[in-house]
Amino acid sequence: MFTKNQLKKYFSLVLKIGVNLQKGQELVVFSPVECADTTRLLVETAYKEGASLVRVKWEDEQVNRLNYLYADIDALSEVPEFMVKEKDYMLDKKVAYIAIDAEDPNIYKGVDEKRLAICAKKRGIAFKKWREATMNNEIRWCVCSLPTLAWAKQVFPNSKTPLKDLTVKIKETMRLDSKNPVKAWEQHLKRLNKRANFLNKQNFEYLEFKNALGTDLRAGLAKDHLWLAAEETAKDNIKFTANIPTEEIFTCPHAFKVDGVLKNALPLVHQGNIIDNFSITFKDGKVTDFSAEKGYETLKELIETDEGTYRLGEVALVPKSSPIAKQKILYFNTLFDENASCHLAIGKAYPTTVKNGSNLSKEELVKLGVNDSTEHVDFMIGTSDLSVVGVKKSGERITIFTDGDFVI
Ligand code: ZN
Ligand code: ZN
């Protein structure tokens, strides 16, 4: 596992570069119970960094699994008022929010997908305000990760020391070995921003994705779209980084202008189930057909969630030379796998990925081609032979990616 010293470095990174905790600010941490010991150290570090109060929301996925298996579905899927109020409180208090994502990729294997979908849908509706607020940067938030045994066993099934192995790899992705990880991240984010700025100057009309696997997709970009890196500015004008690690730059696809077919490059873990070897076809932005060799029911429930899950809400570029891609590990966890591969997202787009987006009305966003949904699920399409070409309104074509890597 991490040494205490490494964890301290890790947590000060998440507190400084991630949520950018301010003196006197309240912090809320969402943590799996498996990570209890380490999460307590995060709490201590946060106090040392000046938090006024730290609250931890413990999540027990084993109990969640039992609930999904046995609970009365009406009772289980109902989202009680106090849970909604709790989120409202967090928004009112302008807390900093850290979510530790360390799910067992198979935790809901064997659970009826319909029950999972009913609960996800009701949660999506109940927590709409919270989702919109976080996606609009109304509070500073960060998703990070800690290794757990169940997850490590899935990543390293043949290892005698899976937890140790996963820890070493996560440590690499966090750049914890550098002398000053906070500085290393500042430099890294600067590089990502530079690339995003270059693409912003091009103002592409659409992107063409092609590879030997069978992806042949023309993804229109929203009008006034903005390329961003994970470092963003919150509504209070303070910078934060929503994911650590992060290697992507991303923007807003046009909800009504995506055509062609895509094949996934890496498996997708959604709702504790693995979806793999899948293909999705689009016409005028909408899914017209899909198939999956593994996890078809889970994919079907996802795409059929609402109107918006038939359309895309994110286009992200990640080169095969990204440090996470170079590890050549399948994490079965989107936080890592999306940073090893170009990806797209089904569902809601970040309003911040269009100019002035967080101040626009729903109708104005739709006009620009910004998708809306109760879901936002990333999935990976970047292979080592992927080519990406940006096409401008004038017809000018600029190659962005050749053989899975930037050429700009
Ligand atoms: Zn992304
Ligand atoms: Zn995403």
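Modeller: Both faces of β3 are covered, with Ala-96, Ile-98 and Ile-100 on one side and Tyr-97 and Ala-99 on the other, all of them buried; buried means under 20% relative accessible area, exposed over 50% and partly exposed in between, with a 1.4 Å probe and protein chains only. Helices (H or I, at least four residues) and strands (E, at least two) are DSSP runs numbered from the N terminus. This is a predicted model, in which local features need pLDDT of at least 70 and side-chain atom pairs count only at pLDDT 80 or more, while totals for chains, interfaces and linings use all residues. Residues are numbered from 1 along each chain as its sequence is written, chains are lettered from A and ligands numbered from 1 in the order in which they are written, and side-chain values use heavy atoms, with hydrogens and water left out.

Colleague: Why is β3 largely enclosed?

Modeller: Five of the five residues of β3 are buried, so the rest of the structure largely encloses this strand.

Colleague: And what order do the strands of the open sheet take?

Modeller: The order is β2-β1-β3-β4, four strands with parallel pairing, where two strands pair if DSSP finds at least two bridges between them. The edges are β2 (53–59) and β4 (141–144), each of which pairs on one side only.

Colleague: Which residues stand opposite each other around β3?

Modeller: Strand β1 (residues 26–32) pairs with β3 (residues 96–100) over four bridges in the parallel sense, with Val-28 having Tyr-97 as its bridge partner and Phe-30 standing opposite Ala-99. Four parallel bridges also join β3 and β4, and there Ile-100 stands opposite Cys-144.

Colleague: Switching topic, how many residues are in the largest nonpolar core?

Modeller: That core has 107 residues, and those with the most contacts inside it are Leu-27, Phe-209, Ile-280, Leu-317 and Phe-379; a nonpolar core is a set of buried Ala, Val, Leu, Ile, Met, Phe, Trp, Tyr and Cys residues joined through side-chain atoms within 4.5 Å. Helix α1 (residues 4–18) gives the most to it, with seven residues. At least three residues come from each of domain 1 (4–148) and domain 2 (196–406), the bounds being taken from an automatic or database domain assignment.

Colleague: What is Leu-317 in contact with?

Modeller: Leaving aside neighbours within four places in sequence, the partners of Leu-317 include Phe-209, Trp-227, Glu-247, Ile-400 and Phe-406, contact meaning heavy atoms within 4.5 Å.
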